[in-house]
Amino acid sequence: MIWGIFKRDMCHATRNVIAVIVSMGLVVVPALYAWFNIAASWDPYGNTKALKVAVANNDKGYKSDLIPVRVNVGETIISTLHANDQLDWQFVKSDKAIDGVKSGEYYAAIVIPKGFSADMMTLFSPDIKHAQLKYYLNEKINPIAPHITDQGATTVVNTIDKTFAKTIAQVGLDLASSILHYSQSPQMAEYMRNLNGNLTTMANTLSGASQQVTSYSQLLGSANDIVDSTGKLLASATKAGKQAQNALKQGKSGATSFTSAGANVTSSVNTALDQVSGAFDQVAAKVNKAFDAIGKGSDTAASQLTALSEQVSSGESLYDTYITSLNHMRESVEQLPDSDSAKQALLEAIDREITLLEAAKGDSQKLAQQLKDASTQVTQDTAAAESSRKEILNRITSAKQSISNVRDDYATNVKPKIDALASTVSTLISQTDSMITQLSGTADGLDDVTGDVGTNVTSIRSTLGAIAKKLDSSAATVKELITKLETDGNAGDGNSDGGDGDNDADSGESDELRALATANASTLSTLISAPVALHRVSVYPIANYGSAMAPFYTILSIWVGAIILCAMLKVTISDREKAHVLGLGDTLPRIAGPSGPGNASRWGLRLDHEYFGRYAIFALLALLQGTLVCLGDTYFLGVQANHALQFLAVGWLAALVFSNIVYTLTVSFGDIGKAVAVVLLVMQVAGSGGTFPIETLPKFFQMLYPFLPFPHAIDAMHAAMAGSYDNEYLLDMVYLALFLIPSLLLGLVLRKPVIRLNNWVSRNLESTKVM
């Protein structure tokens, strides 16, 4: 069925001369579209010589005492531009240049102001000014011309920079040459000898001064050591005095406490001992009274004796109180200095007093126990009572004697020692404290003096050390200068010693300087003004601008050719053609229903047969279009194609893909599909990256870029022209072929639901009698 449809289409396309001419036109027109655009843009930047750019020079020039050479950068620019054929330079007055830009006679104008050279030479003054050119540009004449003239203006600026640098370098080399010639004269040699002598004297003087300053610094250092030692000694004395004062304060406090404790103990002991002695007398009377009552009633006597026993027992606490007081006094005595000879004797007296009190306490305890025992005996054995009375009275007498011994010993041995020791310690502490206070004040004053002296000496030594270093550095600098001058002088006279490596090196440097100064100043200044040259290395080089633009215009023309095919050829098959293909005569049976796609499917002519049958002639003409345009690019225009067969293959694949897309849109949506194909064309012209890098386009086009067929076809054609990186060419070809999948899906599957809608739209458009 497909072959049958294709054969009839070919017969109709070649039935008469007009059909053949139209068919040929459909193949040729897209090629002409590509060739005209490629040829027109073959070398646009190589034909800028006709662009008129006006140049006006108002520069007055500059000359100064520093650089005794008249500098006029404006004249140099004019001379350089006369030899420049990059643009059509027009040398006119400034008024005419500006007016010519406004009228469109000139694309741009460069005006060099009056003080241009003077502003450039402010490089050597504190008040630097940036020299400026006035650049006038007419941007409405042409969108590309401003960019070309900008390149011309940039050339002028670069020329100025190089000229200025060359001028300064040439003046500097001339001055160096003059100085070198003057340095070789006899007068200069005499000046150098005198200078060397003066410099030698100066160096010796500086060295001597440095040594004197260093010696004085060392002398001050020795004095500073003595001051430091004195300060340390005074600091030690002051520290010891403070420690002694603290000890005296503690001793004075101890003596005071000791005196106070002694007085308190003396008063307490005397009072307490008197009370205890009186109490024992009362106890003796009550004992006699109790024993006298035995005959009258033993119970009464026993009760009285028991009461006396408890009274004596309660008095034991008084002994504890006295003993505690003596212990407190003993602690106060222990705080006194160990060197005091009376301290130990007093401690022994106090210990003996405590022993006596302990013995008296024991007698009281025994007395209480005898009284208690006697209270029991009087109720049991009256005959033994008299014996107990005697023992108790004897015990009372013994206890009173113990009390008396304590009191006498305290008064005789302890109290006098306490009073004497307290008086002696207080006097000694007062005298010693006064002496240490005076010594401490003196030491503090001396410490301040030695501290100030030490600080001042250290500061002076630091200053003298810095001065000595400066003097040594200055002397070394002068000596180095003397050596350098002598070496240069010997090298200039040609008397350097061949065995001296340093002199040989200096001689070599002088020879290099002489060679530099005597060389061609113009050549050297040119090198200095532009020391760096740009070596351009092309990766995947393209022969010319036309070849670089050929892929874009070629792919664009193939899409345009697909649109022209759908505009000139019918995409639907009439019922008469279907009947002839099916062998049913001139018409389909009435049972086929209204005319439209798929109405002959019951006789075997399916919708896919109609799709591929009619597309076959579209594909043939599209392949012819792609072949013609690619062969014309290569062999007619001379577009670079390192891999011609690959270049042609890209054209074939693009022709099939583009024609299928446009054919599918048209057969599915009719005239609306043609409009969609035109919209896709416009979008791809802007967003394919064929003219400007995709990175310079708006974000929308950068996002849309991978989903358009143009970029992949253009990249594949670039790879065929200049070379492929790895599998770049094959990948782009695969990506391009993948666009056939959605196109065939729409034409064979998704087309069926919209057939009725498309028929309805077509009927309504035809009813307008205009569309």
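How many disulfides does the structure hold? Keep in mind from the start that this is a predicted model, and then select the cysteines to look for yourself: the structure holds zero disulfides. Cys11 counts as partly exposed because its relative accessibility is 48%, which falls between the cut-offs of 20% and 50%, whereas Cys630 counts as buried because its relative accessibility is 0%.

Next, select Ile555, Trp559, Phe618, Phe658 and Tyr663, which are the residues with the most contacts inside the largest nonpolar core, a set of 62 residues. To see which parts of the chain build this core, colour the elements that give two or more residues to it, among them helix 1 (2-13), helix 2 (17-40), helix 14 (545-568), helix 16 (607-636) and helix 17 (644-669). In soluble globular proteins, nonpolar side chains tend to be buried together. Now centre the view on Phe618 and show what surrounds it: leaving out residues up to four places away in sequence, Phe618 touches Leu565, Cys566, Leu569, Lys570, Val571 and Tyr663.

Lys134 counts as partly exposed because its relative accessibility is 48%. When neighbours within four places in sequence are left aside, Lys134 is in contact with Ala109, Ile110 and Val111.

For the last stop, display helix 1 together with helix 15 (residues 575-582), and turn the view until you can follow both axes, which are 10 Å apart and meet at an angle of about 120°. Because of that angle, helix 1 is oblique to helix 15, and helix 1 passes helix 15 in a right-handed crossing. Which residues make the contact? On the side of helix 1 they are Gly4, Ile5, Arg8 and His12, and on the side of helix 15 they are Glu577, His580 and Val581.

Stay with helix 15 and select Asp575, Glu577, Lys578, Ala579 and Leu582, which are buried. What covers the buried residues of helix 15 includes helix 1 and helix 16. Finally, step to Gly583, which follows helix 15 and has a positive phi, near 75°.

How values were computed. Residues are numbered from 1 along each chain as its sequence is written. This is a predicted model: local features need pLDDT of at least 70, side-chain atom pairs count only at pLDDT 80 or more; totals for chains, interfaces and linings use all residues. Side-chain values use heavy atoms; hydrogens and water are left out. A disulfide is a pair of cysteine sulfur atoms within 2.5 Å. Buried means under 20% relative accessible area, exposed over 50%, partly exposed in between (1.4 Å probe, protein chains only). A nonpolar core is a set of buried Ala, Val, Leu, Ile, Met, Phe, Trp, Tyr and Cys residues joined through side-chain atoms within 4.5 Å. Helices (H or I, at least four residues) and strands (E, at least two) are DSSP runs, numbered from the N terminus. Contact means heavy atoms within 4.5 Å. Axes are lines fitted to C-alpha atoms, for helices over the stretch in contact, and angles run from 0 to 180 degrees between N-to-C directions. Angles under 35 degrees count as roughly parallel, over 145 as roughly antiparallel, 65 to 115 as roughly perpendicular and the rest as oblique. A crossing is left-handed if the near helix is turned anticlockwise from the far one by less than a right angle, and right-handed if clockwise.
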